[in-house]
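Here are some notes for a colleague who has not seen this structure before. Please read them with the sequence and the model side by side.

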Amino acid sequence: MTQSSPPRPGVWKRSLRLIAILLAIWFTASLGLGVLLAEPLNRIWVGGFPLGFWFAQQGAILIFLVLLLVNAIAMDRIERDADRSEDTEDPS
């Protein structure tokens, strides 16, 4: 078993900012569009169902899955950038 190094401050800050942005998008999509704005959205129909109902049932879940993919790609990029910056630092 390998020991992991402590989180680097730059990586930690970028990760927390990414998580906060993604949670805000998820909150807006699930609660905002699926619950709070359901009545105005129900005036629009998609596939035979009101848009507010669609967001509450499928839309929030699909947005969550997209956000998971975005999180994985962005975290990979953050880690890769951090590893690159460590490689270029002068050890002396």
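1. Aromatic pairs. The structure holds three aromatic pairs, where rings of Phe, Tyr and Trp (its six-membered ring) pair if their centres lie within 6.5 Å. In one of them, W26 and F64 have ring centres 5.0 Å apart and planes at 40°, so the pair is tilted; planes under 30 degrees apart would count as stacked and over 60 as edge-to-face, with the rest tilted. W26 belongs to helix α1 (residues 9-36) and F64 to helix α3 (residues 51-88), so the pair ties together parts 38 residues apart in sequence. Helices here are DSSP runs (H or I, at least four residues), strands are runs of E of at least two, and both are numbered from the N terminus.

2. Basis of the values. This is a predicted model, in which local features need pLDDT of at least 70 and side-chain atom pairs count only at pLDDT 80 or more, while totals for chains, interfaces and linings use all residues. Residues are numbered from 1 along each chain as its sequence is written, and side-chain values use heavy atoms, with hydrogens and water left out.

3. Exposure of the pair. W26 has 34% relative accessibility and counts as partly exposed. F64 is also partly exposed, with a relative accessible area of 32%. The classes are buried (under 20% relative accessible area), exposed (over 50%) and partly exposed in between, with a 1.4 Å probe and protein chains only.

4. Nonpolar core. The largest nonpolar core has seven residues: V11, L18, L22, L67, A74, I78 and A82. Such a core is a set of buried Ala, Val, Leu, Ile, Met, Phe, Trp, Tyr and Cys residues joined through side-chain atoms within 4.5 Å. Helices α1 and α3 are the elements that give two or more residues to this core, and α3 gives the most, with four.

5. Leaving aside neighbours within four places in sequence, L67 is in contact (heavy atoms within 4.5 Å) with L22, I25 and W26. S15 lies in helix α1 and is buried at 7% relative accessibility. With the neighbours within four places again left aside, S15 is in contact with M75 and I78.

6. The chain as a whole. The protein chain has three helices and two strands, in the order α-α-β-β-α from the N terminus. Of its 92 residues, 21% are buried. Among contacts between residues at least 6 apart in sequence, 58% join residues at least 24 apart.
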